[in-house]
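Welcome, and thanks for taking a look at this one with us.

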Number of protein chains: 2
Amino acid sequence: MRATKCILQSASKTLDKYALFVPKTGVFPKGYEVASLASGVKKNNALDLGIIRNVNKSRKSSAAAVFTTNRFKAAPVQFSRKVLDATSGEGIDAIVVNSGCANAVTGELGLQDAGKVATQVNELIGEKNSTLLMSTGVIGQRLQMDKITGGIQTLFGQNKFSSDFDSWLKLAKSICTTDTFPKLISAKFSLSDGTEYTLVGISKGAGMICPNMATLLGFIVTDLPIKSSALQTMLTGAVTRSFNCISVDGDMSTNDTICMLANGAVDTPVIDESSSDFKKVSSQVTEFSKQLAQLVVRDGEGATKFVTVNVKNSAEFKDARTIAETIANSMLVKSALYGQDANWGRILCAIGYSKLGNYESLDESKINVSFIATDNSTPRELKLIANGVPQLDIDESRASEILSLSDLEVLVDLGTGSEDCQFWTCDLSHEYVTINGDYRS
Amino acid sequence: MRATKCILQSASKTLDKYALFVPKTGVFPKGYEVASLASGVKKNNALDLGIIRNVNKSRKSSAAAVFTTNRFKAAPVQFSRKVLDATSGEGIDAIVVNSGCANAVTGELGLQDAGKVATQVNELIGEKNSTLLMSTGVIGQRLQMDKITGGIQTLFGQNKFSSDFDSWLKLAKSICTTDTFPKLISAKFSLSDGTEYTLVGISKGAGMICPNMATLLGFIVTDLPIKSSALQTMLTGAVTRSFNCISVDGDMSTNDTICMLANGAVDTPVIDESSSDFKKVSSQVTEFSKQLAQLVVRDGEGATKFVTVNVKNSAEFKDARTIAETIANSMLVKSALYGQDANWGRILCAIGYSKLGNYESLDESKINVSFIATDNSTPRELKLIANGVPQLDIDESRASEILSLSDLEVLVDLGTGSEDCQFWTCDLSHEYVTINGDYRS
């Protein structure tokens, strides 16, 4: 017990996450412009309203989205779902994002507010049914419509739109709540004919200001030409392996939304699911989504560690994911990681109570569990359980070294198949309890 | 933010739980004797080995048990399951409990150790297949067989058995690990003919010493004459409404065991499921089990609050339970309770992501959520959500008063049926993180 206080204090040493994870430059897809401002909803003149618009009208843009499965869906989620259903995801040319108010649990009036915001933007861009909405912030409060509509008027009236790095970074900032850094990534990729396309991604979470809940928002924008149905397939696949494989505290919000726009501003043939390049694009987008999703975990409330839970060789992917998620959400495992305690018993315990679809994915006598160092130190792998048998001669000092890293991996090899799932989580710290035990302010 | 530190500190003020929850006297069923000692497995000469034996041989005793559904079942769980299967729960006359070592993840050798302990006791009481085992403590370590068998020899050789209050209380202490108080309750009940019977119950948890996990152990002993099959039905029903309705951190152990013995030392006709008194006995045992289970939550690690989550008027009991459990396990809800934050958004959010069997149990427009004071202050009920609509004029000072209680209720009325579930949990405190982030010591 004596050593604890000192360990827990050293675990709390904070990384300079802004310096580590916020880029200083980027590449951006053709044909998009963004703008943001402080509408006054948030205090302290902080950015809280942003718009991304497609200005390339050479062909119809495609959109796809994945929404929260929480039964209580916020108004912007319900509204955007309807727009996508009505348009089959074609011709979506704007996304409005706002922070400070989630427009959740606001009933029929909240839905009407959402409709008015979208109508205003549709009129300003001269289209119909072309605008999606994303909101995050306090729930149970209505949007301050005067501030939101006034802000939108200013963005268009004073033409604040631009496509430079600073504007994209400001957009990323405008959806932050208690995030400690904005989440923006971008990348180029090329397909078989050598043409280059660009991806930009923005996400936020998992922070909160009471009385509300963590909201995960993310969007990915590209100049690739792709059919909306293929885009939806691609996004759903990418989210399954990225945003659905992260957890800070296991609480699923009413507002979670990941959406993707593709305007086809690069003038190459339109891709669909039968295209030879579809698989390649999908895999690019999946990797990109993973990076974007990981940033959310890196900014997890109170987190001192970024932990990859890697469940390998499962009979089914779904079960690998369930096991990884169960480990990642275990308060006991997360507390042990925070305290840098090589407590493999808790990991095994969590594996054992995972609610699997197919119990053939799990065979006690085949399980291997290790800690993996992510720096260049050796031995990289420290085996804790081999074929179901606890290793009695574990090198405790090496365990302490690995657990003191701010980035580490828990490897679980089930040995029952060939499906893998990587899941990303953070530890449970005193700071988490302080943040979430706080009075609404 | 400023007020937080002070609130969180005042929340940490500890109750004198030993004075509040440990009885000074008790009533005990006829025909049972108990003994316990410090075998040396635990440090500091703490009690760590106990035996309960039935000495009433006028008729065969009945036994029933409910075990963890964790896939990795500890050796004592596997062993006891086999004994009950082989005997159909008839003629079980001893339970051996030990703390300090859970005999979990110990493979074939651990099972052999369990068998040796049971054989030793069976021989000492002159029976076969009559002994059940319960263990709690460190996992991945084998039982120190010399200390355990030596201890058992002493208990019988020096006839340490007795049926007085002190002996029962010592037995309750002998299964404690990081419990802050022993959990012992007893009660008398009578059936239609006026005959009196007695129930005694002991439980432990949810504490842990690394590297291990919380273990929940409990047993209930009575002098009622009842068929073992009826006893099993009764215990399963009672556990569904008691031990399966509590949660400290949502982690399910490898060792969880609740068992019940009934020796029929009161000389009345044997009860079975068709007896007119069966329902009455069952309801007595269920209420008794609830009290015993609640003590575990009251001793939850780091807990500053005892919270009843009462989900009423559900279309199905299972869904009421799932919703109650989801609220009770939400790290966000638990942190808010600790911080005394009237954060109903998090409660609604947890309801919304509960994984229900029948979504007709949930209708947003019918939900009512309230905080309920459990002292005599008024108004007793503070409504937060009425028919799905957040109450905008919530009396924040009354909310603070209710949330400052060490015992309070969250009431969720689903309005979709007539099934109710009460679930008991505690808050998530800094102390929880400290305890579970601690180095194994």
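A helix crossing is called right-handed if the near helix is turned clockwise from the far one by less than a right angle, and left-handed if it is turned anticlockwise. With that in hand, H7(B) passes H8(B) in a right-handed crossing. Please keep in mind that the model is predicted. Over all chains, the structure holds 24 salt bridges, and a few of them are picked out below.

**Helix packing in chain B**

- The axes of H7(B) and H8(B) are 9 Å apart, and the two helices pack at an angle of about 45°.
- On the H7(B) side, the contact is made by Ala230(B), Thr233(B), Met234(B), Gly237(B) and Ala238(B).
- H8(B) contributes Phe278(B), Val281(B), Ser282(B), Val285(B), Thr286(B) and Ser289(B) to this contact.
- Sorted by class, the contact of H7(B) with H8(B) has six nonpolar residues, five polar ones and no charged ones.

**Helix packing in chain A**

- Helix H9 (residues 317-329) and helix H11 (residues 344-353) of chain A have axes 8 Å apart and pack at an angle of about 135°.
- H9(A) and H11(A) are therefore oblique to each other, and H9(A) passes H11(A) in a right-handed crossing.
- Ile323(A), Thr326(A) and Ile327(A) of H9(A) meet Ile347(A), Ala350(A), Ile351(A) and Tyr353(A) of H11(A) in this contact.
- The residues of the contact of H9(A) with H11(A) comprise six nonpolar, one polar and no charged.

- Asp299(A) and Lys183(A) form a salt bridge, with the closest N and O atoms 2.6 Å apart.
- Asp299(A) sits in the loop between helix H8 (278-298) and strand S11 (306-314) of chain A, and Lys183(A) in strand S6 (residues 183-190), so the pair ties together parts that are 116 residues apart in sequence.
- Both Asp299(A) and Lys183(A) are buried.
- A network of salt bridges links Asp179(A), Lys183(A) and Asp299(A).

**Salt bridges in chain B**

- Asp267(B) and Arg59(B) meet through their side chains in a salt bridge, at 3.7 Å from N to O.
- This pair links distant parts of the chain, 208 residues apart: Asp267(B) is in the loop between strand S10 (257-262) and helix H8 (278-298) of chain B, and Arg59(B) is in the loop between strand S2 (49-54) and strand S3 (62-67).
- Asp267(B) counts as exposed because its relative accessibility is 72%, whereas Arg59(B), at 24%, counts as partly exposed.
- Arg241(B) forms a salt bridge with Glu419(B), and the closest N and O atoms are 4.0 Å apart.
- Arg241(B) lies in the loop between helix H7 (228-240) and strand S9 (246-247) of chain B, and Glu419(B) in strand S16 (residues 419-426), a link between distant parts of the chain that are 178 residues apart.
- Arg241(B) is partly exposed at 30% relative accessibility, and Glu419(B) is partly exposed with a relative accessible area of 31%.

- Ser335(B) counts as buried, because its relative accessibility is 0%.
- Apart from neighbours within four places in sequence, Ser335(B) is in contact with Tyr432(A), Val433(A), Asn436(A), Gly437(A) and Leu428(B).

Conventions: Residues numbered from 1 in each chain as written. Chains lettered and ligands numbered in written order. Predicted model: local features only at pLDDT ≥ 70, side-chain atom pairs only at ≥ 80, totals over all residues. Heavy atoms only, no water. Helix = DSSP H or I, 4+ residues; strand = E, 2+ residues; numbered from the N terminus. Buried < 20%, exposed > 50% of the residue type's maximum accessible area, 1.4 Å probe, protein only. Axes fitted to C-alpha atoms, helices over the stretch in contact; angles between N-to-C directions. Contact = heavy atoms within 4.5 Å. Nonpolar A, V, L, I, M, F, W, Y, C, P; charged D, E, K, R; others polar. Parallel < 35°, antiparallel > 145°, perpendicular 65-115°, else oblique.
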